[in-house]
Amino acid sequence: VILLAVSLFIIGLSLGILAPNIFLTTTLVTKEDPTFSLGVIASLSFLGQFMSPLIVEGISNIFNLQNVRDPFLISVVFATIGLIVVFSIRKLNFLEE
């Protein structure tokens, strides 16, 4: 129960920090029409919430993963890959400047 409470706290904290910053960044990018960029970000966010269980279930079925922990491990793998990609792109952009 303690591990669940700590993980929920971390998820809530990260969403509380990330979501406003994502929406703030989209308004800074497009000065003329920020509503379009906000709509795109909101749509992709909801699409991700809809698709993630389907993708995780598909991967679980392909690799025959039946444990309760497996969806979380799949999410950790995707998050790690995403962080590596983001930091690699930022490093490349920093080196080009």
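The lining of the largest pocket in this predicted model comprises 24 nonpolar, nine polar and two charged residues, where Ala, Val, Leu, Ile, Met, Phe, Trp, Tyr, Cys and Pro count as nonpolar, Asp, Glu, Lys and Arg as charged, and the others, Gly among them, as polar. The volume of this pocket is about 1,800 Å³, and of its 35 lining residues those closest to the centre are Ile11, Ser14, Leu15, Ser75 and Ala79. A pocket is an open set of points on a 1 Å grid over the protein atoms alone, where a 1.4 Å probe fits, with protein on both sides within 12 Å along at least five of seven lines, and lining residues have an atom within 4 Å of a point. H1, H2 and H3 each supply at least two lining residues, the largest share, 13 residues, coming from H1; helices are DSSP runs (H or I, at least four residues) numbered from the N terminus.

Helix H2 can be summarised as follows.

| Feature of H2 | Value |
|---|---|
| Residues 34–62 | 29 residues |
| Span, first to last C-alpha | 41 Å |
| Bend at Met51 | about 35 degrees |

The expected span is 1.5 Å times one less than the number of residues, and the bend is the angle between axes fitted to the seven residues ending at a residue and the seven starting there.

Residues are numbered from 1 along each chain as its sequence is written. Local features need pLDDT of at least 70, side-chain atom pairs count only at pLDDT 80 or more, totals for chains, interfaces and linings use all residues, and side-chain values use heavy atoms, with hydrogens and water left out.

Technical notes
Points joined across faces, edges and corners; volume = space filled by probe spheres on them.
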